[in-house]
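Here are my notes, as promised, after a first pass through the model. Have it open while you read.

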Amino acid sequence: MTDTGEPLYVAISLDIDPDANAAVKGQYDALSSPVRHGKISTDACKKGLQKIFELLDIYTIESTLFYEARTAQILGAEGINLPKLSERHEVACHSLKHEDFLGKISGMPMEEGIVEEIIKEAKGILEKIFARNIRGFRAPYTRVNHTVIKALEHAGFQYDSSETVSLGATWAGKPFSLNTFGSNLLELALPSFLDRKGKKMSSYLWTIFEDKRSSHEYIDAVLWARELAKGGLFLFAIHPWHLYVNSQGSPFRKEQVNKNLKNFEYILSQIKQMQGVQVIRQDTYLENWLKLNKSVKETKQ
Ligand SMILES: [Zn+2]
């Protein structure tokens, strides 16, 4: 049953990683597209991230920042004060170098010991840079398996946020345990849902920037979710670089960049003022949910 008095919670999550990154055959780490250049770029990520921070400040929105540890190191070395900019936000982990853990593209599924090492190292680097505990993880390409989930548990993560689940009759946006991976780790899943024509959508906003969808469709989705997922969490996800370059790594023209910024700002302004909707960090949502669930359990005993 849903609690009728509760709002729909909405979180803005950022996957902060190299520009137009892609997995590469024969290696674990991601490169920026076009991958034949053999390198990564973080220029678009840097510009996009700075713009997003400005917008989040304007709309006083606290978000969840999934940092790829390598990208955080590079931006830090370029003089960006990430700890200061990230102060009001949750800092979470998006791997070390955007590894293709499952080997889907690399053709080299990573062994348990290596996965454990990489995830621990990434968490350690971020905890050192930001001087705080890291609790959340989102996998590169949102791909996890038994090995990755176990490694997250061993590294002391509290939750994963990589799975996509269809929002509707059987799931109303609440956290759940990853029993399917034999784990008690909690999942804050990304929602998928249907547009007005019945076509599947995910909550990644890139389709707007590549002119495949309009920002209104995402606002429609929130309005729809507000009715059926009260008390649940609706996640939005964005790559900062995607405001400036497309997924092939080609820079957008200035007009397109302005349009992208406008569309993203439109979404922030809408969700911020929407009745029955509360914008929240993922860790804050989870903390509240755990407290609530604990008291429900205690009352039942
Ligand atoms: Zn990523």
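Predicted model: local features only at pLDDT ≥ 70, side-chain atom pairs only at ≥ 80, totals over all residues.

1. On the annotation side, an unreviewed UniProt entry puts "domain: NodB homology" at residues 34-280. In the model, that span is 38% helix and 15% strand.

2. Now the helix pair. Helix α2 (residues 69-77) packs against helix α4 (residues 112-130) at about 35 degrees, and their axes are 9 Å apart. The crossing of α2 past α4 is left-handed. On the α2 side, the residues involved are A69, A72 and Q73; on the α4 side, they are A122, I125, L126, I129 and F130. Sorted by class, that contact comes to 7 nonpolar residues and 1 polar, with no charged ones.

3. Is S161 buried or exposed? It's buried, because its relative accessible area is 0%, and the cut-off for buried is under 20%. You'll find S161 in the loop that links β7 (159-160) to β8 (164-166). Its side chain makes a polar contact with the side chain of Q282, at 3.3 Å. Beyond its neighbours within four places in sequence, S161 also touches F66, F137, R138, E187, L188, L190 and L235.

4. R213 has 15% relative accessibility, so it counts as buried. What does its side chain pair up with? With the side chain of E217, through a polar contact of 2.7 Å. Setting aside neighbours within four places in sequence, the contacts of R213 are D195, K199, K200, M201, T207, I208 and Y218. Take M201 from that list: it is 12 residues from R213 in sequence, and the two C-alpha atoms are 9.4 Å apart.

5. Last, go to G5, in the segment before β1 (8-16). Why does G5 count as exposed? Because its relative accessibility is 75%, and exposed means over 50%.

Methods:
Residues numbered from 1 in each chain as written. Heavy atoms only, no water. Helix = DSSP H or I, 4+ residues; strand = E, 2+ residues; numbered from the N terminus. Buried < 20%, exposed > 50% of the residue type's maximum accessible area, 1.4 Å probe, protein only. Polar contact = N/O pair within 3.5 Å; in protein donor to acceptor, adjacent residues only side chain to side chain. Contact = heavy atoms within 4.5 Å. Axes fitted to C-alpha atoms, helices over the stretch in contact; angles between N-to-C directions. Left-handed = near helix turned anticlockwise from the far one by under 90°. Nonpolar A, V, L, I, M, F, W, Y, C, P; charged D, E, K, R; others polar. UniProt positions renumbered as here; feature names shortened; annotations may be inferred.
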